[in-house]
Amino acid sequence: MRADRSRVMEYIQKLDNYDAPDIANIAISSELYEEAFAIFKKFDVNNSAINVLIDNVANLDRAYEFAEKCNQSDVWASLAKAQLRQDMVKEAVDSFIRADDPGAYMEVVSKCTQTEHWEDLVRFLQMARKKSRESYIETELVYALAKTGRLTELEEFISGPNHAQIGLIGDRCFDNGMYDAAKILFNNISNFAKLSVTLVRLGEYQGAVDAARKANSTKTWKQ
């Protein structure tokens, strides 16, 4: 391979009896990236093939086309992670959904939160929730629903069985001025003290008084 670089692709196409991963890795170390891609592709080592396009050729458009042709979960997941690193958030979420793989949920939540891609985060977390009922996933889904103004959907979600930390998200919503969502959340967990303060912010004074009575808390009346 090192002796006659110009004929490597010809050998790849003609020969079949060789150890594909070893030869492909030698090609990569020799910066023969197209040849390495061709070897992996020929032997259907598709996840390694797309990683060559991502890491070595550095062409995400080609990687996307390859993922479309393969349509394998691990290939889509590799593409999704690369797209996320490049801040291609919507495209990354699309790819994660095609992969049906919620494994990178911490990174997706972090990136979507940083870039304010709340609608995309809702889509991702709805997929993730079908695979895992983890508290973090459901908690962040509640917040994403609040951020996108889907209050009816939010109310339906928290009314059913869930593992979301509703009080925590209520506080987050309140701190960010999302009082309508906070009202729904505090009401759901019967936190009347915080509900009362939230209703004051919304100008719903009679409701605030009623909630304060239920809370029976001196601190609430002072607020």
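# Briefing: cores, ring pairs and loop residues

Asp 87 is partly exposed, with a relative accessible area of 46%. This residue lies in the loop between helix H6 (73-85) and H7, and its phi is positive, about 65°, although Asp 87 is not a glycine. The model described here is predicted.

**Loop residues with positive phi**

- Most residues other than glycine have a negative phi.
- Asp 44, which is not a glycine, has a positive phi of about 60°.
- The loop that holds Asp 44 runs between helix H3 (33-42) and helix H4 (46-56).
- Asp 44 counts as exposed because its relative accessibility is 58%, and the cut-off for exposed is over 50%.
- Asp 87, at 46%, is partly exposed.

**Nonpolar cores**

- In soluble globular proteins, nonpolar side chains tend to be buried together.
- The largest nonpolar core has 44 residues, and within this core Phe 124 and Cys 173 touch the most other members.
- This core lies between domain 1 (68-131) and domain 2 (133-222), because both domains give residues to it.
- Setting aside residues up to four places away in sequence, Cys 173 touches Tyr 143, Ala 146, Met 178, Ala 181, Ala 182 and Leu 185.
- There is also a second, separate core of 24 residues, with Leu 32, Phe 37, Val 52 and Ala 82 among them.

**Cysteines**

- Cys 173 is buried, at 0% relative accessibility.
- Cys 112 is likewise buried, with a relative accessible area of 0%.
- The count of disulfides in the model is zero.

**Aromatic pairs**

- A pair of aromatic rings is described by the distance of the centres and the angle of the planes.
- The model has six aromatic pairs.
- One of the pairs joins Tyr 105 and Tyr 136; this pair is tilted, at 5.8 Å centre to centre with 45° between the planes.
- Tyr 105 belongs to helix H8 (residues 105-115) and Tyr 136 to helix H10 (residues 135-147), so their pair ties together parts that are 31 residues apart in sequence.
- Tyr 105 is buried at 16% relative accessibility, whereas Tyr 136, at 28%, is partly exposed.
- Trp 118 and Tyr 143 make an edge-to-face pair, because their planes are at 80° and the cut-off for edge-to-face is over 60 degrees; the ring centres are 5.6 Å apart.
- Trp 118 sits in helix H9 (residues 118-131) and Tyr 143 in helix H10, so this pair ties together parts that are 25 residues apart in sequence.
- Both Trp 118 and Tyr 143 are buried.

**Arginines over rings**

- Arg 172 lies over the face of Tyr 143, at 3.7 Å from the ring centre.
- Tyr 143 is also the ring partner of Trp 118 and one of the residues that Cys 173 touches.
- Arg 62 lies over the face of Phe 37, at 5.5 Å from the ring centre.
- Phe 37 is included in the second core.

**A buried serine**

- Ser 95 is part of helix H7 (residues 89-99).
- With a relative accessible area of 2%, Ser 95 is buried.
- Beyond its neighbours within four places in sequence, Ser 95 is in contact with Trp 76, Leu 79, Ala 80 and Gln 83.

Definitions and conventions:
Residues numbered from 1 in each chain as written. Predicted model: local features only at pLDDT ≥ 70, side-chain atom pairs only at ≥ 80, totals over all residues. Heavy atoms only, no water. Core = buried A, V, L, I, M, F, W, Y, C linked by side-chain atoms within 4.5 Å. Buried < 20%, exposed > 50% of the residue type's maximum accessible area, 1.4 Å probe, protein only. Domains from an automatic or database assignment. Contact = heavy atoms within 4.5 Å. Disulfide = S-S within 2.5 Å. Phe/Tyr/Trp six-rings, centres within 6.5 Å; stacked < 30°, edge-to-face > 60°. Helix = DSSP H or I, 4+ residues; strand = E, 2+ residues; numbered from the N terminus. Lys NZ or Arg CZ within 6 Å of the ring centre and 35° of its normal.
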